[in-house]
Amino acid sequence: MNKVLYLVLATSVCASLAFAKPQINAKNGVRTLAATAASTTLARGSVFSIVGQELAGVDPVTFDVPYPQDGGGLTVALTTADDAATVQAYLLSTAPGKIVALVPSSTPAGDYKVTVTYNGETSDPFAVKVADQNFGLITAAGLVKGQAAGRVLVPETGAVAVTYTKAVTPGAAVEFDATGWGPIETPDNEFPAGGSVIGDAVIVVAGQEIPITYLGRNPARPGYDLVQFTLPTENVPTGCDVEFQIKYWGTTSSSFTMPLVASADAACTNPMGVSPASLDQLVSGGSIVFGGFTLTRQSISATIEGISMDTTTEAVAGGFESYNAEAFALYAAQNFMPQYLVNPDSGCYLFTVTDSDPAVSGPSAVAVDAGEKLALTGPGLTKDVPRVEGNTYTLSLSTSTSIGGGGFPSIPGIPSIPGLPNIPGLPGTGATANVLVAGQYKLTGPGGTVVGPFEATTDMTSPITWTNKDAITAVTRANNLSVLWSGGADSDLVEVTGLSRGPAPEDNSQVVNRVFTCWAKGSVHQIVVPSSLLQQLPVSSGVDISTDPTQVSLGSLSLQQVSLPINGLFTAPLVAGGNTEPGAFAWLVGWTKTLSYQ
């Protein structure tokens, strides 16, 4: 190649690498640091983050007060939607993947486009709103219901950061970081004057209103606000994630959490068994690993478009997953099991999803390697459980004869039914089911690149029998529904789950997917679903499929025998050091049938 041409091409490539165009992530690329439902609404005078690639130089930079608007060739602009005006944000810190900036209080409210310019290259715009106020606390990963960032104010030693291992105690004076309270009249990039603008603001914990002693600008951190209060010495709940809100000027904020313990030497309790040290590890940017496996026997009776189908399948499935703080918060928020596994007394739970509800999305856990295959042993059973794509492990143990094919229709927006795995497609003729019987099952793994060698056991009690399954052909919502079974023990739970899709009883113009779950100990032999709960379900047929999703009708009833996680708790060593969090080798036996709700 001509040396001159080579030099020109090399120079061009180097220049393109050195001055690459900044890229703002298309999803959540710009968001307020306040944990609020309106994450892309930036309050005047508040701090916000920009996440992406090639946003700044390789070396992270933290700016001193007064914060600049130009960080060595890097600027952040807020331009009105009509391109009529542009405001330069103040810069707090920059890094290739993240910028923290401050909206000047003088910025008029309205629709804006955020862009990053670095070394003459400008990113594509990201649409945001600027408002007079969008108040919220700073939380781990910026999540609503995340742990609030703050400190316990100790007169003798000064402020001590709140963590899961250094939790808040009754009677403590606490302050939490916030932003979005609103604009100020002095320069935003300089240290603001102190001064509280409390109004009628209170902290609400477990229905108890606690006076706020300070709510206003943080005099030590431009762009940030402070919330200060003192907890009562009595009648405060405890736990790793005690939920609270801020009530001010007739407005109630999003929910936040704080770790609360009865005394300084106590450890907070997490319903999922995660240790305080591991929770701190998440908050500081680390990750944790959970393992979970389930033995299942599921019998399904369905009538779809006039075709009756019956099938019974048995399988084992599971794996190990790594969670960061944001993924774990989403997982915990969507996990219904702890609500009754912590206190397994009889009770019911009801939830609703409408077609207009946005799909739950966000960062998910990452499945990690625990070896090429696992070994399953049990009464008369020895099987290898292979690793499939995505580092999950699954094996079909048996399948009964069934008629027809296909599964239930996919209903947009509806979550999985608690305790009930995804309903599989109905296969053709197969082996006789009931491989799984009472006894102890063991799952062993040789270890892989992330998880080391492990062993988990679970003791399966005798499966129950749904004695009035055939007698329940429809659910009359005006009457109590009794579901009966024989067998069962105190060491396992039985849950009844009902699903009905149709016009909401309170508003026939709105189609809803409404699910109830009631549970009791296995030895109780009966669950009575009250009519007061059933009447909140829409009228529906068993399965009525339509090309129009709003016209799809679906009704089902399920009985599940579920092992308590304490029966099969296990941990596994991590190759990098330490152990996984407590996971469960569980089992469940159940039946599902389609029917109508009248």
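## Helix α2 and the residue after it

In helix α2, which spans residues 276–283, the buried residues are P276, S278, L279, D280 and L282. This is a predicted model. Just past α2 comes G285, which takes a positive phi of about 100°.

Which strands pair with β4? Strand β1 (residues 23–24) is joined to β4 by two bridges, and the two run antiparallel. Here I24 stands opposite G52 of β4. Strand β2 (residues 30–32) is joined to β4 by three bridges, again antiparallel. Within β4, I50 is the bridge partner of V30.

Strand β9 (residues 98–102) is another antiparallel partner, and five bridges join it to β4. Across this pairing, V47 stands opposite L102 in β9. In general, strands of a sheet pair through backbone hydrogen bonds, either parallel or antiparallel.

## V316 in strand β24

Now a single residue. V316 lies in strand β24, which runs over residues 307–323. Is V316 buried or exposed? Its relative accessibility is 1%. Buried means under 20%, so V316 counts as buried.

What does V316 touch, apart from its neighbours within four places in sequence? The contacts are T294, L295, L376, V385, Y393, T394, L395 and L397. Take L295 from that list. L295 and V316 are 21 residues apart along the chain, yet their C-alpha atoms are separated by 4.5 Å.

Look at one pairing in detail. β32 pairs with β34 (residues 481–486) over two bridges, in the antiparallel sense. In this pair, T465 stands opposite S486 of β34.

Notes: Residues are numbered from 1 along each chain as its sequence is written. This is a predicted model: local features need pLDDT of at least 70, side-chain atom pairs count only at pLDDT 80 or more; totals for chains, interfaces and linings use all residues. Side-chain values use heavy atoms; hydrogens and water are left out. Helices (H or I, at least four residues) and strands (E, at least two) are DSSP runs, numbered from the N terminus. Buried means under 20% relative accessible area, exposed over 50%, partly exposed in between (1.4 Å probe, protein chains only). Contact means heavy atoms within 4.5 Å. Two strands pair if DSSP finds at least two bridges between them.
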